[in-house]
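Student: I would like to learn how to read a structure, one feature at a time. Can we start with the strands?

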Amino acid sequence: MKLREVLELIEGNVISKDADMDLEIQMGCGADLMSDVLAFTHEGTLLMSGLTNPQVVRTAEMAGIKAIVFVRSKLPPPETISLAEEKGIPLLASKYTMFETCGRLYRAGLPSCGLFELTLRRWREAFESR
């Protein structure tokens, strides 16, 4: 799914300057715990979050997150926007709750991060190779 489709589906706004609206998004994840983002997301993910501090961008960079959507009409402070633009991570905003934002995208065909598959793979690596 292209970022422009995401924007339309969530009836959102673009926060970042020069955001590549043709950016391809492979999957989505909603989280406010950055430890969950690091543990359960994959490269190519669109992150939905209510957190707006610069740490969200730093975590996104480490995890290979393609773009961030701030939910519940939250807008990030200037330092978060600046860091995201420096790192090339587009920022969007949605007026909807995280639940509804994720639901709109999932209903339109954007898959989730595959938490079950990821957990199952880690379980097998940890216990079945013994």
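Student: Which residue in strand 3 is the bridge partner of Gly-28?

Tutor: Keep in mind that this is a predicted model. In a regular strand the side chains alternate between the two faces of the sheet. Here, the bridge partner of Gly-28 in strand 3 is Leu-46.

Student: In what sense do strand 2 and strand 3 pair?

Tutor: Strand 2, residues 27–30, runs parallel to strand 3, residues 45–49, and four bridges join the two. Helix 2, residues 34–40, belongs with them: strand 2, helix 2 and strand 3 form a right-handed β-α-β unit.

Student: Is Ser-94 buried or exposed?

Tutor: Ser-94 has a relative accessibility of 2%, so it counts as buried. Its place is the loop between strand 5 (91–93) and helix 5 (98–107). Leaving out residues up to four places away in sequence, Ser-94 touches several others, including Ile-10, Phe-70, Arg-72 and Thr-101.

Student: How many salt bridges does a search of the whole structure find?

Tutor: Side chains of opposite charge can pair when their charged atoms come close. The search finds eight salt bridges in the whole structure. One of them joins Lys-2 and Glu-24, with 3.2 Å between the closest N and O atoms. Lys-2 lies in the segment before helix 1 (3–9) and Glu-24 in the loop between strand 1 (13–14) and strand 2, so this pair ties together parts 22 residues apart in sequence. Lys-2 is partly exposed at 30% relative accessibility, and Glu-24 is partly exposed at 33%.

Student: Where is the salt bridge of Arg-72 with Asp-32 in the chain?

Tutor: The closest N and O atoms of Arg-72 and Asp-32 are 3.8 Å apart. Arg-72 is in the loop between strand 4 (67–70) and helix 4 (78–87), while Asp-32 is in the loop between strand 2 and helix 2, 40 residues away. Arg-72 has a relative accessible area of 36%, so it is partly exposed.

Student: What lies over the face of Tyr-96?

Tutor: Arg-104 does, at 3.9 Å from the ring centre.

Student: How many aromatic pairs does a search of the whole structure find?

Tutor: A pair of aromatic rings is described by the distance of the centres and the angle of the planes. In this structure the search finds zero aromatic pairs.

Key:
Residues are numbered from 1 along each chain as its sequence is written. This is a predicted model: local features need pLDDT of at least 70, side-chain atom pairs count only at pLDDT 80 or more; totals for chains, interfaces and linings use all residues. Side-chain values use heavy atoms; hydrogens and water are left out. Rings of Phe, Tyr and Trp (its six-membered ring) pair if their centres lie within 6.5 Å; planes under 30 degrees apart count as stacked, over 60 as edge-to-face and the rest as tilted. A charge sits over a ring if NZ of Lys or CZ of Arg is within 6 Å of the ring centre and within 35 degrees of the ring normal. Two strands pair if DSSP finds at least two bridges between them. A crossover is right-handed if, with the strands pointing away from the viewer, the path from the first strand over the helix to the second runs clockwise. Buried means under 20% relative accessible area, exposed over 50%, partly exposed in between (1.4 Å probe, protein chains only). Contact means heavy atoms within 4.5 Å. A salt bridge is a side-chain nitrogen of Lys or Arg within 4 Å of a carboxyl oxygen of Asp or Glu.
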